[in-house]
Amino acid sequence: MTRYQHLANLLAERIEQGLYRSGERLPSVRALSQEHGVSISTIQQAYQILENLQLITPQPRSGYFVAPRKAQPPVPAMSRPVQRPVEVTQWDEVLTLMEGRTKTDITAFGGGQPDLTQPSLKPLWKELSRLAQHSVKEILSYDELAGRRELREQIARLMLDAGSVVAADDLIITSGCHSALSLALLTICKPGDIVALESPSFYGTMQMLRGLGIKAIEIPTDPVTGISVEALELALEQWPIKGVIVVPNCNNPLGFIMPEARKRQLLALAQRHDIVIFEDDIYGELAFEYPRPCSIHSLDIDGRVLLCNSFTKTVAPGLRVGWIAPGRYHDRIMHMKYAASGTNVPVSQLALAAFIREGYYHRHVRRMRQIYQQNIDTYTCWVRQFFPCGICVTRPMGGYMLWVELPEHVDMVCVSRELTRFNIQIAAGSLFSASGKYRNCLRINCALPPNEKHRAAVEQMGEAVNIAMAG
């Protein structure tokens, strides 16, 4: 983190804590420069960040003042889904959301695409170009079934950051995290089986369960500490659950990082009931604090955790490169991969292996952590400014998703339809529930660069929500 970013965070904390009150004049640029032993330009850059976040306002010839602000909205309470197996619904709505990805005239807050505009990705694009020019035969040939060894070796090194010690031979490359989780479910479950998952939970995961004929049982989930181990235990005592799907690090859509003690409790519960944990770690590298949190896989001693991951959120979705660490199920997953999808595309694997090996991946991820944290702060400020009182907003600890909960009578499905008139796409909360709960919630993708166009879109969202609340 740069000096001006560190200073901006320090001043923001003081404002949040009330040390600088609404309307109060902040120390002058020169005074802060002397106090912190930094240049005047550093202070000006820090104040610019706070101004962009609308925490402070400049007044000509008078200095900077703390902006008047609404009270910080509370975090949503623990979810309370119906705890019985259900068949997943919402497919038509998900299909509509996915169709919006390719429409350039839509401001797409509903999807999960990362920011692809950053210069730290340029070395990857150059490597792809180099491979296309000089390695045509290699990139157009069949791939190894397990994926390129050079990439699996690099991934094994990356996984050390999360505490997982694996060898290249322990990993299988897949076509994204979606493919990894699909292979895991196909290996462990059959149609009619029951799988537990967090509530709310990523709509793509639930549609996968629907497609495979697997029933879902939603487990109460806390926006700070994650899935309720206690509620899961009660469900395991009542139903023949095959496994549990969790996104414990930088959860989608709630943004929490499950405390390590809770991860250990979840693993111990899985061991007692002899079930599988399907761990989705796709956002784990984007935790705002470093070192990144450990995976549940790193705590596993008997191979029951199937870790699924990809470069979709950290680098780019179009590469279609993911992987699975299948533990005791390695041979079965390998066979299932052969049966279901065969081999992968070599070119993106080779490019990523070089991108990681040369140190560009770590630089890019460090950059994106800072950018996404700033984006989350900015979008949270916009939501506080433009949305009505009486809302709850998550405090993400990583990733780039923000979850907003409105009063019960507000139907965000209807608001979502209304916003399409303005070419604004949002993800209504009902998409994140197997039974269609959370109609009064929405998820916002904060990877979209915070510019004037996106600020105006959030303002339009707020107006639509205000109208819905008044109705």
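Biologist: Which residues of helix α15 are buried?

Modeller: In this predicted model, helix α15 spans residues 412-419, and its buried residues are Met412, Val413, Val415, Ser416 and Leu419. Seen down the axis of α15, these residues fall within an arc of 160 degrees, so they line one face of the helix.

Biologist: What do the buried residues of α15 pack against?

Modeller: Their partners are the strands β14 (424-425), β15 (427-428) and β16 (441-445), together with helix α16 (452-470).

Biologist: Which residue caps the N-terminal end of α15?

Modeller: That residue is Asp411, which has a side-chain oxygen 3.0 Å from the backbone nitrogen of Val413.

Biologist: Let us turn to Gly284. Is Gly284 buried or exposed?

Modeller: A residue counts as buried when its relative accessible area is under 20%. Gly284 has 0% relative accessibility and therefore counts as buried. Gly284 sits in the loop between β9 (276-280) and β10 (305-310). Leaving aside residues up to four places away in sequence, Gly284 touches Asn249, Cys250, Arg292 and Pro293.

Biologist: How many cavities of 30 Å³ or more does the structure hold?

Modeller: Rolling a probe the size of a water molecule over the atoms shows where empty space is left. In this structure there is one cavity of 30 Å³ or more, and the largest cavity contains about 90 Å³ of space.

Biologist: Which kinds of residue form the lining of the largest cavity?

Modeller: Six are nonpolar, two polar and three charged. Among the lining residues are Leu158, Met159, Asp281, Glu285, Arg292 and Trp323.

Note on methods
Residues are numbered from 1 along each chain as its sequence is written. This is a predicted model: local features need pLDDT of at least 70, side-chain atom pairs count only at pLDDT 80 or more; totals for chains, interfaces and linings use all residues. Side-chain values use heavy atoms; hydrogens and water are left out. On a 1 Å grid over the protein atoms alone, a cavity is a set of points where a 1.4 Å probe fits but cannot get out, and a pocket is an open set with protein on both sides within 12 Å along at least five of seven lines; lining residues have an atom within 4 Å of a point. Grid points are joined across faces, edges and corners, and a volume is the space filled by probe spheres set on the points. Ala, Val, Leu, Ile, Met, Phe, Trp, Tyr, Cys and Pro count as nonpolar, Asp, Glu, Lys and Arg as charged, and the others, Gly among them, as polar. Buried means under 20% relative accessible area, exposed over 50%, partly exposed in between (1.4 Å probe, protein chains only). Helices (H or I, at least four residues) and strands (E, at least two) are DSSP runs, numbered from the N terminus. The arc is that of the directions from the helix axis to the C-beta atoms. Contact means heavy atoms within 4.5 Å. A polar contact is a pair of N or O atoms within 3.5 Å; within protein, one must be able to donate a hydrogen and the other to accept it, and residues adjacent in sequence count only if both atoms are side-chain atoms.
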